[in-house]
Amino acid sequence: MMGYLVAILTFVSLAVLLGLALNIQWGQAGMINFGLAGFYGIGAYTAAILAKHGVDGFTATAAAIAVTAAFSAGVSLATLRLREDYLAITTLAFSEAVRLVLMNEVWLTGGTDGIRDIPRPLVGVIGGEHYEVAFLVACLALIAIVYGLLERIVSAPFGRALRAVRDDDVVAATLGKDVLALRVKAFAVGGAVIGLAGALHAFYFTYIDPGEFAGFVTVYAFMSVIVGGKGSNRGLMAGAVTVMILLEGTRFLKDVVPVLSAQQVASLRLMLIGVGLIAMLIYRPQGLSSEYRLSARQPAGAEPGS
Amino acid sequence: MAQALLNGLVSGFLIALPAIALSLTYGILNFANFSIGAMITAGAYLAYFANATLGAPILVAAPLAAIGLGLIAVGVEHGVYRRIRNADHITLLVASMGVAFVLENAIRFAYGADVRALDVAVARPLAWHGLRLNHEQLVIALAALSAMAIVAVVLTRTRLGRAMRAIADDADLAEVRGIARARTVDWTWALSGALAALAGVLIALDGIVEPLIGTNYLVSVFAAAVIGGIGNPFGAVAGALIIGLVEEVSALAVSTTYRQGVSFIVLILVLLLRPQGLFGVARIRR
């Protein structure tokens with residue numbers, strides 16, 4: 001039971017990190033990332049490949065962060081002058097391209113077999129027995145650091161400028177903000193956090209394969225952000241935990257409805273997540289808690305964001 | 001090389017159908033429908049249900065699938081998109097991703113991940129001056145061309161088509177002029193669903209039925225629509241032919257597993273160099 005709890009909390013930690021990343025990209029900067037799973041994969045594979053080649057875990061993690069941030073900046077550059085739809089299309093297509101590389105470049109990624117026995121950092125010092133707990137503590141500490149950094153960014157002038165760009169880029173540009181640079185930076189910062197999460201994923205599971213970096217990861221992250229309230233980092237934590245409780249809680253469906261096969265229960269759970277996401281968008285688009293805003297209330301009848 | 005061009009042309013016809021569907025809904029509703037891949041898959045499974053489970057011949061199963069998916073698309077419009085019409089278009093994008101997720105997993109729930117095949121006879125390929133044309137390819141080309149002709153007639157010659165184009169140009173103005181927006185939107189979804197279903201059936205005809213057949217075409221379809229100037233159904237056809245040809249010809253140099261990767265590169269190049277598409281009007285706003 002203790003082991004199960006530690007495992008669940010570690011999953012939740014990874015989900016929180018991904019949610020925090022998406023929250024700065026989408027929540028704060030209004031840049032939609034449908035290819036989150038692909039960036040996550042880049043982070044995980046970078047860390048795993050380096051660690052397999054004898055690079056120590058901390059350097060490998062730093063490299064994963066840097067590489068994922070660089071890819072994020074590059075992909076966002078392609079569409080920055082265009083409408084948000086194009087970033088959505090490009091990131092999704094990028095994620096598909098990443099998946100193809102992961103599956104086909106066997107010399108680098110091991111293909112569909114994946115990479116196994118990824119060496120964990122500091123395993124000699126901590127020992128195998130308490131490693132899972134120590135790993136969870138490290139994850140929580142990293143979340144605290146990332147959260148603190150992101151909160152600082154959000155409340156700094158940079159964060160205000162980002163929200164200004166999100167709400168109306170023409171006004172922001174008129175006020176002398178460098179819209180392009182702001183957007184690339186926001187996407188790269190989010191990418192760095194995704195890279196960190198990817199590296200943690202690789203070290204936690206010690207085995208990765210391309211199937212783990214498919215669309216459902218992206219859907220979970222969006223669900224976390226939507227449930228938590230777009231733009232609010234504190235809400236996001238609650239959102240990620242809620243989504244994980246939903247996911248894990250419905251795992252027991254198969255005991256309740258024994259006629260269904262394991263495969264059917266899995267599909268049903270994912271369907272519920274999708275339905276939940278749509279229902280949130282329809283009935284509570286602001287999420288459980290909404291972003292703290294200084295602005296005066298919009299006059300009745302005005303449509304925000306149009 | 002000639003064989004690659006022929007194959008590319010046929011695969012272009014195939015991609016054209018969902019690309020038109022995507023452009024129609026984009027033009028009228030102003031958001032990119034990310035569930036188009038899942039819709040293709042759903043079309044294939046509807047046909048599989050009618051064909052293999054109920055035993056209907058494929059000529060009956062295909063129209064049934066088209067009608068079925070058209071109805072589902074209208075249902076989704078009423079159940080989801082219409083309710084968040086007033087939100088920004090990013091919300092609609094995310095919602096369409098949610099719809100894709102639900103559709104895909106509903107299919108997995110009903111049919112699992114097993115690979116299936118439609119119940120159709122296999123015929124010998126036609127040969128002509130050293131070029132081979134599979135029976136399936138011929139069917140794809142003919143069916144896709146007829147569907148495109150029908151769409152072209154609907155768009156240019158009917159009241160519905162005029163209403164659709166008017167709403168795409170300026171929805172408010174169209175409504176002021178007495179065009180029933182809600183009904184036109186419904187018909188657009190029905191048409192879009194029918195096209196996606198037909199594409200699904202044709203893909204299944206040429207290969208297998210499995211839960212990812214539509215998703216595997218998603219990048220190609222979007223690339224085609226963007227090349228054609230997203231929102232422009234006629235441009236989408238040209239974009240689809242370009243994508244089909246580029247994918248098949250590039251397969252001579254790089255492994256066929258990278259077909260979608262090639263589409264991704266083309267997509268990036270178009271977005272960097274000519275974001276309004278090759279045939280689009282330069283009215284793209286941020």
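**Two chains of a predicted model**

Visitor: What does N30(B) count as, by its relative accessibility?

Guide: N30(B) has a relative accessibility of 31%. Because 31% falls in between, N30(B) counts as partly exposed.

Visitor: Near what value is phi of N30(B)?

Guide: Residues are numbered from 1 along each chain as its sequence is written, and chains are lettered from A and ligands numbered from 1 in the order in which they are written. N30(B) is found in the loop between α1 and α2 (36-53) of chain B, where helices (H or I, at least four residues) and strands (E, at least two) are DSSP runs numbered from the N terminus. Its phi has a positive value in a residue other than glycine, near 65 degrees.

Visitor: Which loop of chain A holds D117(A), another residue with a positive phi?

Guide: Most residues other than glycine have a negative phi. For D117(A), phi is near 55 degrees, and the residue is exposed, with a relative accessible area of 60%. D117(A) is found in the loop between α5 and α6.

Visitor: Which residues does T112(A) touch, not counting those up to four places away in sequence?

Guide: T112(A) is found in the loop between α5 (106-109) and α6 (123-126) of chain A, and with a relative accessible area of 54% it is exposed. Its C-alpha atom is separated by 38 Å from that of E151(A), which lies 39 residues apart along the chain. With contact meaning heavy atoms within 4.5 Å, the residues touched by T112(A) are M103(A), D209(A) and P210(A).

Visitor: Is H201(A) buried or exposed?

Guide: The place of H201(A) is in helix α10 (residues 179-205) of chain A. Not counting residues up to four places away in sequence, H201(A) touches L14(A), Y40(A), I208(A), E212(A) and F213(A). At 8% relative accessibility, H201(A) counts as buried.

Visitor: With which residues is S11(B) in contact, leaving aside its neighbours within four places in sequence?

Guide: S11(B) is found in helix α1 of chain B. A relative accessible area of 13% makes S11(B) buried. Its contacts beyond those neighbours are G244(B) and E248(B).

Visitor: How many nonpolar, polar and charged residues has the contact of α1(B) with α8(B)?

Guide: Among the residues that meet are L14(B), L17(B) and P18(B) in α1(B), and R181(B), V185(B) and W189(B) in α8(B). Ala, Val, Leu, Ile, Met, Phe, Trp, Tyr, Cys and Pro count as nonpolar, Asp, Glu, Lys and Arg as charged, and the others, Gly among them, as polar. By class, the contact has 16 nonpolar, three polar and one charged residues.

Visitor: What is the radius of gyration of chain B?

Guide: Chain B has eleven helices and two strands. For its 286 residues the globule rule gives 19 Å, that rule being 2.2 Å times the number of residues to the power 0.38, with the radius of gyration taken over C-alpha atoms. Chain B comes close to that value, so it is as compact as a globular protein of that length, with a radius of gyration of 18 Å.

Definitions and conventions:
Predicted model: local features only at pLDDT ≥ 70, side-chain atom pairs only at ≥ 80, totals over all residues. Heavy atoms only, no water. Buried < 20%, exposed > 50% of the residue type's maximum accessible area, 1.4 Å probe, protein only.
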